[in-house]
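Subject: the model, and what turned up in it

Hi,

Here is the structure I said I would send over. Have a look at it first, then read my notes below.

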Amino acid sequence: MKKIILSLFLILFSITIFSQEKRPFENFVYPKLESIKIPPVTKITLPNGLKVMLVEDHKLPLVKGNMIFKAGSVFDPPEKAGLSSIFFEVWRLGGTKTKTGDEIDEFLESRSAYIEAYGGEESGYLTFNCLTENFQEVFPLFMEILTSPAFREDKLELSKAQAKSNISRRNDEPQSIVFREFSRIFYGKDHPYARIQEYDTVDAISQKDLFDFHQRYVFPENAILALWGDIKVKEIEGLLKKYFKDWKSKGQKVPEFPKLPEKITPGVYFSDKEDINQGYIVMGHYGIQMNNPDYFPLLIANRIFGHGFSSRLFQSIRTDKGLTYGIYGGVDADYSHKGQATIYTFTKSETVVDAIKAIIEEVKLLKAEGVKEEELERERKSYLNEFVFNFDTIDKIIRRLQTYEFYGYPEDFILKTKENVEKLKKEDLDRVVKKYWMPEEFIVYIVGNQKGIGERLKELGEIKYWDITIPKPKGEKAPEATEETLSKGFEILKKAYLQAGGEKIDELKIIKLEGKLTTSVPQGNFTMDFTSVNYFPDKFRMDLKTPMGLMVQVLNGDIAWMKMGDSYQDLPSSKIKEDLQRGYFYILKQYKEKKADFQYLKEENGIDILLVKGLGEDFEVGIDKEGKLNFLRYTGPTQAGFGKIEEKFSDFKDIEGIKYPFRVEAVVDGKLFQTIEISSASLLKEIDLKIFEKQ
Amino acid sequence: MLKKLFFLLILFSVYVFPFEVKEIEKNVTEFTLSNGLKVIIYENHLAPVFSALTYANVGSVNEKVGITGLAHIFEHMAFKGTSTIGTKDWEKEKEAIEREEKAFLALRDEKAKGALADPEKLKKLEEEFEKAKQEAKSYVKPNEFAEIVEKEGCSGLNASTSFDQTQYYYSFPSNKLELWAYMESERFMDPVLREFYTEKNGVIAEERRMGIESQPVGRLFEEFLGLCYRAHPYNAFVIGHMSDILNITREDAMNFYKTYYTPNNMILVLAGDVYPDKAKPIIEKYFGRLKPGPTPPPVYTEEPKQLGERRVTIKDPSQPFVIIGFHKGDFNHPDEPVFEAITDILGEGRTSRLYKRLVRDEKLALDAGAFTGLPGQKFPGLFIFYAVPMQGKTNEENEKAILEEIEKLKNEPVTDEELKRVKIRAKGNFIRGLQSNMGIAAQLAQFQAITGSWKNLLKEIEKIEKVSKEDIMRVAKEYFIEENRTVATIEHKGGEK
């Protein structure tokens with residue numbers, strides 16, 4: 001027994017020696033860190049109610065200013081989503097009453113100075129940054145933009161066109177999709193914290209909206225100005241009083257921030273992106289507001305769980321399993337409302353399911369076992385040791401103070417945080433991780449390549465397909481419908497109905513077509529054979545022989561899918577349905593079914609044009625004097641994004657007393673891009689419904 | 001209404017000194033250790049913190065066929081610790097690592113047989129490798145290096161690899177100088193490439209998928225570079241080819257380390273609250289332990305002159321994008337300041353020609369610009385123009401407008417106003433570059449490594465001030481010609497996403 005104890009002692013002793021020799025840093029004694037020299041922050045409130053914060057910092061010959069407003073996208077009217085972001089852009093670009101935006105650009109850039117405006121969710125900014133030698137001329141310009149902007153039309157048009165281009169590009173990169181759409185799933189598409197600009201909402205924004213916005217949000221009591229750098233506080237105070245003398249509030253009132261939805265809808269959501277070989281994943285539920293005392297234990301619990309190199313998620317998912325390059329997770333806090341508790345990562349298609357499962361295991365483990373004493377000590381020490389980096393630049397200090405002031409947090413909130421972190425106990429952390437992490441309540445959202453992930457996706461449970469298709473613009477506004485144009489339209493439809501077969505159209509139930517589909521691409525034409533079955537009103541199947549093999553596309557009520565080789569892919573059924581409703585018989589059947597309005601618009605080269613409303617997005621149909629359907633015009637997908645498509649009908653033949661066009665040509669911008677030639681058409685009474693189901 | 005706000009730790013102090021570029025020189029101390037390690041210290045005592053940057057004069061440009069991506073792989077491995085940091089039992093771990101290495105080689109060799117590989121054998125080798133990997137892992141204390149420094153208040157621990165160099169950086173409270181010196185010297189003196197295959201074939205492969213394969217513009221730039229360079233190693237992206245990433249061995253990485261990570265091929269830069277007289281003995285004590293080696297082999301390959309325009313078009317579900325590149329000289333070429341001026345005139349800010357014409361007036365592009373510095377600066381690089389077409393506008397329209405602007409540059413002198421702006425902005429940008437310790441450290445290291453002395457940083461503004469209208473016309477005529485041009489585009493194909 002003694003011998004064992006002795007050898008144990010020896011082992012312990014030798015380890016100690018090893019450690020001192022080989023790990024000398026364990027015995028380093030560090031000098032005391034010098035206290036931080038924080039220059040004083042002068043806070044004043046001007047007679048007009050504007051709060052100002054001033055700091056002198058003469059290290060470099062730069063002066064900086066930042067004015068923050070309570071104004072942002074959460075206040076956008078739904079029909080004008082995007083207003084706030086366009087406002088802030090045109091505020092600066094649109095110039096002032098005396099100078100155009102272009103003149104301001106020239107002025108600033110020949111002084112290496114900046115004045116910029118940005119709009120966020122809950123706040124917007126007007127900022128400047130210049131060399132000391134230019135401050136006396138840059139600041140008056142800043143004032144002029146602040147108080148008398150012009151929002152010139154040309155810059156509004158530019159900004160709107162750019163916003164629309166950005167909309168067209170918003171599904172190009174998976175990272176931006178995954179965060180944007182997670183928010184939309186989380187809060188709901190129409191909630192102010194998730195709502196995004198669309199073609200139509202951008203189109204609806206006018207110059208008057210920008211002036212109204214300025215009137216509503218830009219006033220002294222709704223702003224906080226921070227001004228710092230190479231200035232003399234005493235001199236500046238006088239200057240500011242002079243400059244802001246005439247800028248007054250007019251009794252405006254800014255609304256409270258919108259309330260968040262009480263509940264979210266947990267589940268697994270998926271969007272397909274065919275050109276990537278990874279899955280991008282965000283999962284989570286609500287977090288907390290920063291004024292909640294649980295913020296302090298969560299701050300450290302988050303570091304242990306999912307922030308940084310030493311965190312559990314990093315160790316497990318990245319270092320140990322090699323599943324990702326980036327992972328981040330925590331119960332996050334926002335200033336004005338509950339934040340989100342989320343985990344974000346990405347991994348190759350084949351391991352998407354494994355990564356999600358492994359992450360959920362980590363959450364469960366954290367909840368079940370809490371944190372370890374040494375994890376708490378490590379992260380507490382790390383937090384306290386790096387605390388000095390909260391004060392190493394004046395920029396950081398003043399921006400933080402401005403944010404605290406904006407959201408009504410105490411100015412020493414960061415010091416309170418530190419005090420609280422010093423006091424934390426393991427039980428505090430264990431309690432909050434148990435309380436806030438609820439993996440069974442997760443919304444799990446994946447942007448990935450469905451083909452690459454394959455059938456394994458189902459291991460995650462029921463998958464909800466999340467449509468990220470960019471809504472089309474409504475296009476030019478049609479004239480208001482009147483009783484007269486509606487009845488005239490209906491008369492013309494009647495002529496077409498009778499011409500095409502009258503009551504036989506009503507009786508038509510199933511039509512089967514065979515033929516060729518030719519697509520024109522820059523390399524030449526591709527011709528493919530196809531068979532299609534249309535079972536009115538809501539079943540459709542097409543078998544297309546592509547160069548890559550047979551492709552089957554099916555709509556069956558609310559379900560739509562595609563099959564290529566052996567793999568199935570779900571499709572958004574609403575879009576397929578809409579496509580079908582824009583079909584020849586569907587339109588004619590409306591004479592009896594009356595689900596749609598046919599508004600007479602005009603006559604063009606002897607063809608009457610009707611606007612069809614009620615069959616999905618509005619579209620136009622052209623009917624000639626004999627009553628033959630001549631063309632359809634609608635906005636749809638083309639090789640160059642969304643564009644105006646015209647489908648021309650010709651080669652009408654008779655099938656059992658019904659007239660049907662055996663040739664359809666789709667034209668975009670005057671160029672032919674698709675042709676359908678029918679070789680045989682037959683009307684059926686019955687068909688095996690199995691063809692509309694996955695085999 | 002006037003209220004002054006004091007924090008608990010406030011110690012009132014205001015520094016006043018007029019700004020002069022030359023002043024910076026007074027804040028810099030440099031010395032070289034006997035092993036050849038160059039050290040540069042920039043003093044800034046405004047806050048009790050410092051930033052540290054280790055500049056290894058090696059990048060993807062030093063790789064050869066078969067080992068592309070290795071410079072970056074080593075960068076990742078430099079966070080894995082040493083024989084005393086990151087291990088539970090080094091003796092046993094060492095043996096396990098050797099077994100893992102053997103198992104990987106056997107598996108790799110069998111896989112390399114391609115269609116002729118024996119599936120049974122492959123399966124067996126796969127299992128053996130997996131087993132050896134797990135065993136080696138069982139001795140690892142994961143991420144201990146990071147844990148030690150982060151616990152002591154390190155902030156912003158990271159590293160980056162580029163075509164020309166590998167940089168390791170972090171910031172510390174200034175009382176932790178000795179810890180930094182120990183840890184930083186230790187990891188380059190005694191690196192252990194543990195978890196090598198998980199990191200490389202897992203993490204780094206994901207990094208490649210994220211940065212290139214799942215990113216439309218990443219895919220485009222990879223095609224573009226491959227087209228611009230057919231001989232010079234600037235032709236492969238820093239991340240490397242996927243097959244190389246997967247097949248590189250630990251031995252490859254150790255050989256690379258031994259060749260390039262010698263103190264005579266590295267530079268240390270500290271910026272912040274560091275007193276050189278106190279820091280020097282500490283740096284000597286720890287970094288003096290690094291053993292010097294032979295001067296690493298230079299890159300001999302030169303890119304042959306391009307003989308005709310080169311083009312590539314990617315058909316992609318994403319929206320259009322166009323880049324146009326022209327070969328030019330390296331950073332030390334006398335024409336470089338002229339290119340900097342051209343960058344400014346054509347592509348910087350809202351007064352630049354490309355913005356005014358393509359973005360503002362003709363609404364051809366959502367964004368358009370020009371830049372220099374890619375792929376790298378040590379060797380002849382590219383001058384690149386790009387445009388992001390507006391919805392409904394094409395790459396061709398944008399390309400045409402850019403080429404017209406280039407012709408204008410050749411045939412008409414730029415205006416006085418434009419040239420003046422270049423010079424003023426060079427000064428402004430220089431001053432703004434001094435706002436962060438890490439920013440200063442990076443600049444000093446780059447100039448030291450690429451131009452031979454950090455002091456050249458201070459001469460940059462002067463050089464740009466000397467650029468004339470004639471220089472700009474001459475350079476445009478000489479370089480921006482059809483046979484020196486490479487164009488890469490993304491064309492949108494079908495679908496709606």
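What follows is a short tour, from confidence and overall build to a few local details.

Some housekeeping: residues are numbered from 1 along each chain as its sequence is written, and chains are lettered from A and ligands numbered from 1 in the order in which they are written. This is a predicted model, so local features need pLDDT of at least 70 and side-chain atom pairs count only at pLDDT 80 or more, while totals for chains, interfaces and linings use all residues.

**Confidence in chain A**

pLDDT is the predictor's confidence in each residue, from 0 to 100. Chain A averages 91, and 95% of its residues score at least 70. The stretch to watch is residues 1–19 of chain A, where pLDDT stays under 50 and the model has one contact beyond four places in sequence. (Two residues are in contact if their C-beta atoms, placed from the backbone, lie within 7 Å.) Where pLDDT is low, the predicted coordinates should not be read in detail.

**Chain B as a whole**

Chain B has 18 helices and twelve strands; these are DSSP runs numbered from the N terminus, with helices being H or I of at least four residues and strands E of at least two. Its C-alpha atoms fill a box of roughly 70 × 70 × 55 Å along the principal axes. Of the 497 residues, 49% count as buried. Buried means 20 or more other C-beta atoms within 10 Å of the residue's own, exposed means 12 or fewer, and partly exposed is in between, with C-beta atoms placed from the backbone. Among contacts in chain B with a separation of 6 or more, 80% link residues 24 or more positions apart.

Which residues of helix α11 (residues 276–287) of chain B are buried? They are B:Ala279, B:Ile283 and B:Phe287. What covers them includes β3 (38–43), α6 (177–189) and β7 (266–272) of chain B. The face of α11(B) turned away from that buried side carries the exposed residues B:Asp277, B:Lys278 and B:Pro281.

Then there are α2 (residues 70–77) and α10 (residues 250–260) of chain B, whose axes come within 10 Å and cross at roughly 90°. From α2(B), the contact uses B:Leu70, B:Ile73, B:Phe74 and B:Met77, and from α10(B), B:Asp252, B:Ala253, B:Phe256 and B:Tyr257.

Most residues other than glycine have a negative phi, and most peptide bonds are trans. Here are some exceptions.

- A:Phe536 to A:Pro537 is a cis peptide bond, with omega near 5°; A:Pro537 lies in the loop between β16 (524–535) and β17 (539–546) of chain A.
- B:Leu374 and B:Pro375 are also joined by a cis bond, omega about -10°, and B:Pro375 is in the loop between β10 (365–374) and β11 (382–389) of chain B.
- A:Ser112 has a positive phi, near 50°, and counts as buried, with 22 C-beta neighbours inside 10 Å.
- A:Asp651 has a positive phi near 55°, sits in strand β25 (residues 641–655) of chain A, and is exposed, with 11 other C-beta atoms within 10 Å.

Cheers

Technical notes. Axes are lines fitted to C-alpha atoms, for helices over the stretch in contact, and angles run from 0 to 180 degrees between N-to-C directions.
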